[in-house]
Amino acid sequence: MFCPNCKAELKKAVFYNTEVSYCPKCLGIWFDFDQLNRAKDEKDKDLNWLDIDLWEDQTKFKIAKKDKLCPVCSVPLYSVSYGDSDIEVDVCNLCHGIWLDRGEFKKIINYLEEKGKKEVLHSYFKNLLQEGIEIFTGPQSFREEIFDFLTLIKFLNYKFSVQYPNIKEIIARLPY
Ligand SMILES: [Zn+2]
Ligand SMILES: [Zn+2]
């Protein structure tokens, strides 16, 4: 698999049972749809992040075809942005994987911080990480951000992947 940005070969990192691929050059991250689904956890039902607006309202999606190619299917990715959040993720209409540029990773974490959700999530993940941190493999730059990473995986899983049917529909209506 190759990076949609710089074509470098993607490497694997594992975060608490969830495998992701990342680009060693630009540190963009590829989330496989199945891997996100595997990150589902019964305990998450207690979390109050569901009241965060991001990706909740399908009428706020703005979708456009990109030049970047899916590292799995080699078809163009679609950028999905939301309302005025300034956050943009790239999705594959075939395999439903998600590509996140490094900057978008940070934006999502900043967004959660702004909404006062980040600390809640971090304390939640502290318990999980008692064991999880030991099975982490990946570069140091991600290791320092492991809470952010876990937050992101759960967030994508709960707030973004449920919108795939709507995103697919919008893509089908695009004029090309
Ligand atoms: Zn790259
Ligand atoms: Zn794909």
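This is a predicted model: local features need pLDDT of at least 70, side-chain atom pairs count only at pLDDT 80 or more; totals for chains, interfaces and linings use all residues.
Local features need pLDDT of at least 70 and side-chain atom pairs pLDDT 80 or more, whereas totals for chains, interfaces and linings use all residues. Residues are numbered from 1 along each chain as written, chains are lettered from A and ligands numbered from 1 in the order written, and side-chain values use heavy atoms, without hydrogens and water.

Reader: What is the geometry of the site of the zinc ion (ligand 2)?

Author: Donors are N, O and S atoms within 2.8 Å of the metal (3.2 Å for Na, K and Ca), and water is not among the atoms, so sites may look incomplete. The SG atoms of Cys 70, Cys 73, Cys 92 and Cys 95 lie 2.2 to 2.3 Å from the zinc ion. Four donors count as tetrahedral if all angles lie between 85 and 135 degrees. The angles among the 4 donor atoms here are 106 to 113°, and the site is tetrahedral.

Reader: Is His 96 buried or exposed?

Author: His 96 sits in the loop between β6 and β7. Buried means under 20% relative accessible area, exposed over 50%, and partly exposed in between (1.4 Å probe, protein chains only). Because its relative accessibility is 18%, His 96 counts as buried.

Reader: How are helix α2 and helix α5 oriented?

Author: Helices are DSSP runs (H or I, at least four residues), numbered from the N terminus. The axes of α2 (residues 102-114) and α5 (residues 146-160), lines fitted to C-alpha atoms over the stretch in contact with angles from 0 to 180 degrees between N-to-C directions, come within 10 Å and cross at roughly 85°. Angles of 65 to 115 degrees count as roughly perpendicular. Therefore α2 and α5 are roughly perpendicular.

Note on methods. Helices (H or I, at least four residues) and strands (E, at least two) are DSSP runs, numbered from the N terminus. Angles under 35 degrees count as roughly parallel, over 145 as roughly antiparallel, 65 to 115 as roughly perpendicular and the rest as oblique. Four donors count as tetrahedral if all angles lie between 85 and 135 degrees; four count as square planar and six as octahedral if opposite donors are over 155 degrees apart and all others between 65 and 115; anything else is irregular.
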